[in-house]
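Here is a briefing on one multi-chain model. Please keep the sequence and the 3D view open while reading.

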Amino acid sequence: MTLLAVTGLTVAAGERRLVDAVSFAIAPGEVLGLVGESGSGKSLTALALAGLLPEGIAVTGGRADFAGQRLTGLTERGWRALRGRRIAMVFQDPMASLNPFMTAGAQVMEALRQHHAEPSAALRARCDRLFREVGLDAALHPGRRPHQLSGGQQQRVVIAMALAGDPELLLADEPTTALDAAVQAQILALLRRLVADRGLAMLFISHDLGVVASVSQRVGVMRHGRLLEIGPVGRVLRAPSHPYTRELVDARSRLAGEVRAAASGEEVVLRVEGLAVAYPGQGAFAAPRRVVVGVDLTLARGEAFCLLGASGSGKSSVARALMGLAARPAGRVELTGRVLPPGLAARRDPLSRRIQMVFQNPYSSLNPRLTVLQALTEPLMTAGVPRAEWRARAGAALAEVGLAAEHLDRHPHALSGGQRQRVAIARALLADPAVLVCDEVLSALDASVQGQVLALLQRLRRERRLAVLFITHDLGVARYLGGQVGVMAEGRIVERGDTAEVLDNPRHAMTQGLLAAEALPPAA
Amino acid sequence: MDGAASAAAARAPVPAKPVRRRLPPRLAAALLLVGLALLPGLVGLLPGMPDPMEQDLLALNMPPDAAHPLGTDHLGRDVLARLAAGTWLTLPTGIGGTLLAAGLGAGIGMLALTLGGVVAGAAYAAFDLLRVLPGTLLALLTAVVLGNGVWPVTLALGLAYAPLFAEVVRTAHAREMASDYVAAARVFGLGRLAVLWRHVLPNLLGPLITLSAIVLPRCIVTESVLSFLGLGVSPERPSWGRMIADASGFVEDAPHAVLAPMLALSALTLGLSLLGEMARRRADPLRREGRP
Amino acid sequence: MKGALVIGGALLRAAGLVAAIAIVVFLLLRTVPGDVVDVMAAQGDLNAAQQAALRAELGLDGGLLHQFGHWAAALSSGQLGQSLRFGRPVAEMVATALPVTLGFAAMAFALGLVLAMALAIGAVLLPRSVLPGLVEAINLWSIAMPTFVAGMGAILVFSLWLGWLPVIGNLPVPVVILGLDIAGQLAKPLLEELREAMAAPHVRTARAKGLHPVRIALAHVLPAALPVLLALSSVALAGLIGGTMTMEALFGLPGLGSLVLNAVHGRDLPVVQAVVLVLAVGVVAINAGADVLRRLADSRLTS
């Protein structure tokens with residue numbers, strides 16, 4: 001017996017098909033995963049199944065049936081009868097999904113009131129039960145407003161609201177993507193438990209193959225609006241029938257490959273001692289917030305150092321402090337043997353150019369009004385390179401990162417995320433650095449592109465003897481780069497050493513937590 | 001290309017071929033209104049027009065006829081001639097006020113932000129002070145201190161609207177300075193001035209022009225209100241607001257003397273406002289500017 | 001408590017603003033050549049000794065600081081000086097005129113606010129009805145039709161042509177005209193804000209919960225639009241000052257606007273000074289109030 005049957009569903013915005021003749025079915029109590037990169041149409045599929053497609057986008061073909069009732073062509077009133085009561089939905093960003101003005105309890109009660117015609121006392125009791133069911137404290141959390149809850153707690157509240165009407169189908173659109181790795185694992189465990197306890201069917205959507213595999217029984221792969229293949233999780237991962245699926249699976253395992261031996265015997269180019277960064281507290285009399293407290297590290301030529309940690313551990317602040325972007329950092333930084341003064345004033349010193357940075361977001365690190373050439377010439381301007389040489393040098397830099405010179409006269413919006421990140425790397429290279437600081441440079445990129453950029457960085461390490469300080473939360477990347485690793489928590493490095501050593505034998509709780517949260521595909 | 005690029009490519013501007021088609025109706029209507037409002041002004045430049053100040057005490061409050069296409073007012077002055085003269089009073093004052101506001105607001109704002117720190121804080125505190133005082137109040141003060149006339153009115157308009165321009169400058173400056181590409185530029189060693197020139201200023205021009213298009217009709221309205229209240233240009237000079245005030249006492253006898261400037265003022269304001277609104281929408285289709 | 005700090009801070013800022021305005025007004029009006037005594041000397045024949053004595057009595061003989069001190073002291077005891085034209089205490093004149101202006105300004109604002117909210121909420125719930133068009137129309141009206149032109153037009157149509165309503169002392173017509181103007185200022189930005197709030201993720205969640213659209217509009221969409229409404233309202237209220245002046249002039253209402261206009265034309269400086277100060281204090285108070293409300297709301301969101 002099928003709960004949800006989707007046949008040839010097509011969703012379009014005007015002429016453009018965003019979801020193209022997609023067909024699948026979900027049985028009661030079954031979890032179907034839908035995996036794909038951004039723009040694959042997976043989210044729109046879910047939205048179409050809840051009648052929540054945005055303005056200008058509509059179902060233009062195919063049909064969907066839920067428990068015998070036809071979903072396609074339903075009126076808004078018809079949808080309202082289903083939403084929350086039989087089909088519920090959970091979205092990606094829990095903070096944004098909650099009304100900032102209402103308490104968590106009030107929002108869950110609102111849903112309960114909508115779906116159960118019972119007196120307040122009975123509803124209150126239901127509310128408490130729901131809070132406990134999603135792993136929250138029924139005495140403490142209902143009275144809190146969303147901003148007073150952590151990301152994981154917020155998502156639990158969202159899940160509680162979704163369950164208020166006792167639905168049969170849960171549509172989960174990237175429910176853990178915005179959460180920390182450790183919290184992600186907890187929410188996934190919660191969802192698995194709810195599915196088992198309630199006999200809930202779920203459509204689980206994510207770009208992360210590992211995450212999808214850990215909750216689903218069957219998985220479908222989408223790309224450019226099309227469903228490329230669908231089948232039991234184990235089979236799809238072990239023996240993918242479509243080349244694109246194979247690419248996705250490989251991208252994950254490529255990062256879990258051999259750990260490179262650390263480079264040794266090279267001269268030290270970066271030495272950091274007692275780095276500390278504090279931001280002024282909010283409000284006139286608040287104490288300053290210490291985001292980095294006494295960080296030491298050394299980097300030799302050609303070596304890679306991965307700074308790992310959850311968000312808020314201070315790792316990005318370390319990067320910004322090294323580049324002079326932190327307000328008043330303390331500590332001592334030595335670059336190629338000479339002391340580098342802190343702050344932006346020091347950036348005029350030619351010494352400071354030997355350390356450069358690539359930012360996380362390729363969509364905001366390039367001025368959209370300037371051409372690639374104009375962006376690339378900034379480091380040349382301050383180095384006093386004569387104008388006549390600019391184009392040649394810029395073209396050479398692009399070639400080094402694997403881009404054709406024709407991109408020089410393009411604007412950033414004409415380039416993909418991966419290409420933009422390469423331009424950002426080329427720009428940093430034009431200052432001829434000895435140390436390259438990469439601040440989460442892969443997180444904004446699709447999985448298939450991440451591997452390419454990583455390979456580029458490895459090549460640059462080899463060819464230029466470039467030292468790389470790589471800031472990330474992704475353990476797979478750390479393994480790939482080899483070298484040294486430092487795990488940060490609350491502004492300190494709590495564990496450090498050779499990558500292989502630390503990741504195989506973690507000693508600190510933080511490192512263990514990061515490892516536990518890694519969801520590698522089963523039977524890979 | 002990955003998903004992001006295909007989406008970006010779909011959004012990228014397609015090179016536009018000049019299309020010979022009729023003007024969109026809103027634009028046509030706006031231009032028509034402005035044209036109609038300015039028509040008397042152009043007509044008034046023709047030779048042989050009567051003197052707007054000349055009083056004909058034998059022809060008080062005459063309805064429109066051959067000699068006086070729009071009739072005469074309560075002092076026997078030709079309404080059309082006064083309307084025409086008023087155009088060349090109202091419009092330049094409005095434009096002057098807008099330019100002064102832009103100059104003061106954007107100029108001082110930019111300077112203050114460049115110098116940074118205490119100077120910026122003080123300058124913007126002063127702008128906040130100005131912003132609190134409504135235009136009419138400022139005009140009251142300038143009228144009392146400097147008397148009537150074009151310059152006091154222009155000054156009042158400039159002071160009243162300068163904070164808006166200063167705010168636009170502050171918002172744009174803050175947004176640019178917080179961006180990653182400006183951080184990258186500073187990391188490369190670019191100085192503050194170079195960053196301003198390269199990254200901040202190019203993004204300023206558009207919003208400033210758009211704001212000017214929105215402020216201009218408001219300046220014109222404010223000028224007419226001030227003239228109506230007697231706080232504007234000197235009483236004899238025929239600003240449209242003044243004409244309405246003067247004629248309001250004789251509305252029963254000579255409605256034409258009141259209607260003509262009313263219609264001209266409404267047409268000009270409406271037309272310019274529509275143009276301003278269209279400019280704002282073109283410059284800013286997705287991201288809404290702060291509302292003045 | 002945090003709220004007390006917020007209110008205290010805002011009051012401090014407001015006080016500072018008022019002090020700054022008072023200083024500016026004082027200085028500006030002192031630059032006008034000639035003072036009260038000169039005018040009085042010209043009107044009645046006062047010799048030099050009498051002028052000097054008068055100056056001493058009015059505190060006009062000291063330096064600027066001395067004069068300011070004298071004036072500020074008088075101010076704090078509620079004395080606003082004496083009118084030059086009428087010889088009456090200014091405070092009394094202001095006290096008579098203030099309720100008139102306050103009264104119909106408050107009514108106009110209330111009318112405008114209610115109308116704008118009704119139109120905007122209706123337009124966002126019923127996008128295919130005539131309501132969005134009405135919002136556009138009223139917005140256009142407030143932009144293109146200065147209130148005095150509308151007032152003039154109303155006089156032409158309702159008083160002269162149709163003869164329904166009197167002109168002098170008419171209260172409903174100015175209230176309606178100003179109210180429409182305010183509604184025009186508020187409705188469209190409010191509608192845009194509501195529309196944007198409708199697209200917010202938490203509204204999508206509310207829809208996913210299966211809630212009724214009206215409930216969504218009131219509990220989830222409207223609160224998001226309130227900060228903007230607050231900001232716009234304070235601007236609209238400040239703009240009312242000019243509007244009330246013109247309405248008072250057109251319809252012969254004895255409010256603050258008429259008072260100060262007559263004073264400007266008659267060079268009655270003490271009256272001008274006092275009214276400008278009263279109006280400025282009013283505007284500062286409104287802004288401070290809006291500021292406090294905004295900060296309180298913010299602190300609830302980020303405590």
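The model is predicted. Chain A holds 18 helices and 20 strands. Chain B touches chain C through 33 of its residues, and its contact with chain A takes 22 residues from chain B. Helix 7 of chain B is largely enclosed by the rest of the structure.

**Chain A: overall fold**

- The C-alpha trace of chain A spans about 75 × 55 × 45 Å along its principal axes.
- The radius of gyration of chain A is 25 Å. A compact globule of 524 residues would have a value near 24 Å, so the two agree.
- Of the 524 residues in chain A, 48% are buried.
- Contacts in chain A between residues at least 6 apart in sequence were also sorted by separation. Of these, 68% join residues at least 24 apart.

**Helix 7 of chain B**

- Helix 7 of chain B covers residues 180-187. Seven of its eight residues are buried, which means that this helix is largely enclosed by the rest of the structure.
- The buried residues are Y181(B), V182(B), A183(B), A184(B), A185(B), R186(B) and V187(B).
- Within chain B, these buried residues pack against helix 6 (150-177) and helix 8 (192-229).
- They also pack against chain A, at strand 16 (355-358) and helix 12 (372-382).

**Contact between chains A and B**

- This contact takes 30 residues from chain A and 22 residues from chain B.
- On the side of chain A that touches chain B, helix 12 and helix 14 (417-429) of chain A each supply at least two residues.
- Helix 12 of chain A gives the most to that side, with three residues.
- By class, the side of chain A that touches chain B has ten nonpolar, 13 polar and seven charged residues.
- Helix 12 of chain A is also one of the elements that the buried residues of helix 7 of chain B pack against.

**Contact between chains B and C**

- Here 33 residues of chain B are in contact with 37 residues of chain C.
- Five helices of chain B each supply at least two residues of the side that touches chain C: helix 4 (117-132), helix 5 (135-146), helix 8, helix 9 (240-248) and helix 10 (255-283).
- That side of chain B divides into 22 nonpolar, eight polar and three charged residues.
- Helix 8 of chain B also packs against the buried residues of helix 7 of chain B.

Methods. Residues are numbered from 1 along each chain as its sequence is written. Chains are lettered from A and ligands numbered from 1 in the order in which they are written. This is a predicted model: local features need pLDDT of at least 70, side-chain atom pairs count only at pLDDT 80 or more; totals for chains, interfaces and linings use all residues. A residue is buried if 20 or more other C-beta atoms lie within 10 Å of its own, exposed if 12 or fewer, and partly exposed in between; C-beta atoms are placed from the backbone. Helices (H or I, at least four residues) and strands (E, at least two) are DSSP runs, numbered from the N terminus. Two residues are in contact if their C-beta atoms, placed from the backbone, lie within 7 Å. The radius of gyration is taken over C-alpha atoms; the globule rule is 2.2 Å times the number of residues to the power 0.38. Ala, Val, Leu, Ile, Met, Phe, Trp, Tyr, Cys and Pro count as nonpolar, Asp, Glu, Lys and Arg as charged, and the others, Gly among them, as polar.
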